[in-house]
Amino acid sequence: MSVLEDVTAKAKRVQRRYAGDEDRPLGGYVAAMGAYSALVGGLTLLGRAVGARLPQRFGVGDTLLLGAATFKASRLLAKDAVTSPLRAPFTRYEEPAGDDELNESVPGKGHVEHAVGELVSCPFCLDVWVGTGLAAGLVIAPRPARLAATVLTAVGVADALHLLYDAGKKLASG
């Protein structure tokens, strides 16, 4: 048995033992982790190529800005109706989720396709990717990244105010 066949057989045994009767796309998750590692490596190389230097530390303000912007961008990408064409190859529309968000399911297609579907429809899953991109942006191109993060944060604050306003109207009329 070749090394490749041995590794493949072991991976299949791990998959069966882990997943049982469920169809868990472990191979797809490995591919997603590999893609994330490649993204981080590419951003590192880009940073070096442009001479960017990591700051000694990120301040509290930048951390809060990144947190709020990451939250908004992740929800926008994973749940917003307008971004559904980006998710459509990997998800299936189920129903509206209120406030211009959608509930989508992930069909049980190929392992990589299923793992990507889970990633792009889950704001928690996207947080790592979006946060990494925004943080890298603050190091490599701080002014445009700070602008993008500020806009995303402002939109998130505006969304919260809309929801509070609507809740207040319901309380006043009910």
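Biologist: How many salt bridges does the rule give here?

Modeller: The count comes to six salt bridges, the rule being a side-chain nitrogen of Lys or Arg within 4 Å of a carboxyl oxygen of Asp or Glu. This is a predicted model, so local features need pLDDT of at least 70 and side-chain atom pairs count only at pLDDT 80 or more, while totals for chains, interfaces and linings use all residues. Residues are numbered from 1 along each chain as its sequence is written, and side-chain values use heavy atoms, with hydrogens and water left out.

Biologist: Why is E118 with R24 called a salt bridge?

Modeller: The closest N and O atoms of E118 and R24 are 3.4 Å apart, so the pair passes the 4 Å rule. E118 sits in helix α5 (residues 111-120) and R24 in the loop between α1 (3-19) and α2 (26-49), so the pair ties together parts 94 residues apart in sequence. Helices here are DSSP runs (H or I, at least four residues), and strands are too (E, at least two), numbered from the N terminus.

Biologist: What makes K72 buried?

Modeller: K72 has 12% relative accessibility, so it counts as buried; the cut-offs are under 20% relative accessible area for buried, over 50% for exposed, and partly exposed in between (1.4 Å probe, protein chains only). D159 comes out at 28%, so it is partly exposed.

Biologist: What is the distance between K72 and D159?

Modeller: Their closest N and O atoms are 2.3 Å apart, and they form a salt bridge. K72 is in helix α3 (residues 60-79) and D159 in helix α7 (residues 142-173), 87 residues apart.
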